[in-house]
Amino acid sequence: MSEMEKVISFLFGIAMNALIIMALLSLNGKINRQKKWLSILSLISTIIFSFIPTTGTRVDKDLWEYHLGFPAEGFIYRGGWDINFSSLGFIYNFFFFYWVFKFILKVREVGVAIAKGLKSQS
């Protein structure tokens, strides 16, 4: 496979994963501002946590492949321009971080509501 074919294959993998993620996020028919920001933050976190050496990397010494991703493997690096997607792992990681950030926002909302309730009682 030539270098250009590898790059096109990688970009096609990104596009397909983006379409799957957008379809899953818009199951109820709307994507609001909060979903957009959570999606961007989740995508950035998925990519960053994939390349942190202590958490997101596993080396297969038999094939000399680097499996990247946390908590699931989302990318496979074989050297040079040969980077492949593990689509299920990438989508799992995306939604893992999406729900973690959504949980953090809910905890924050509850904390603010409790603080307002305590302030109004005093």
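This is a predicted model: local features need pLDDT of at least 70, side-chain atom pairs count only at pLDDT 80 or more; totals for chains, interfaces and linings use all residues.
View 1. H1 provides the largest share, five residues. The residues that line the pocket are Ile14, Asn17, Ala18, Ile21, Met22, Ser39, Ile40, Leu43, Phe85, Phe90 and Phe94. By class, nine of the lining residues are nonpolar and two are polar, while none is charged.

**View 2. The largest nonpolar core contains 13 residues.** The members that touch the most others are Ile21, Leu25, Phe75, Phe90, Phe94, Phe95 and Tyr98. At least two residues of this core come from each of H1 and H4, and H4 supplies the largest share, seven residues. In soluble globular proteins, nonpolar side chains tend to be buried together.

**View 3. Tyrosine 98 and its contacts are shown.** When residues up to four places away in sequence are not counted, Tyr98 touches Leu25, Lys35, Leu38, Ser39 and Ser42. Among these, Ser39 also lines the largest pocket, and Leu25 is a buried residue of H1.

**View 4. Helix H1 is shown with its buried residues, Lys6, Gly13, Asn17, Ile21 and Leu25.** H2, strand E4 (83-85) and H4 are included in what covers these residues. Asn17 and Ile21 also belong to the lining of the largest pocket. At 1.5 Å a residue, the 23 residues of H1 should span 33 Å, which agrees with the 33 Å between its end C-alpha atoms.

Methods
Residues are numbered from 1 along each chain as its sequence is written. Side-chain values use heavy atoms; hydrogens and water are left out. On a 1 Å grid over the protein atoms alone, a cavity is a set of points where a 1.4 Å probe fits but cannot get out, and a pocket is an open set with protein on both sides within 12 Å along at least five of seven lines; lining residues have an atom within 4 Å of a point. Helices (H or I, at least four residues) and strands (E, at least two) are DSSP runs, numbered from the N terminus. Ala, Val, Leu, Ile, Met, Phe, Trp, Tyr, Cys and Pro count as nonpolar, Asp, Glu, Lys and Arg as charged, and the others, Gly among them, as polar. A nonpolar core is a set of buried Ala, Val, Leu, Ile, Met, Phe, Trp, Tyr and Cys residues joined through side-chain atoms within 4.5 Å. Buried means under 20% relative accessible area, exposed over 50%, partly exposed in between (1.4 Å probe, protein chains only). Contact means heavy atoms within 4.5 Å. The expected span of a helix is 1.5 Å times one less than its number of residues.
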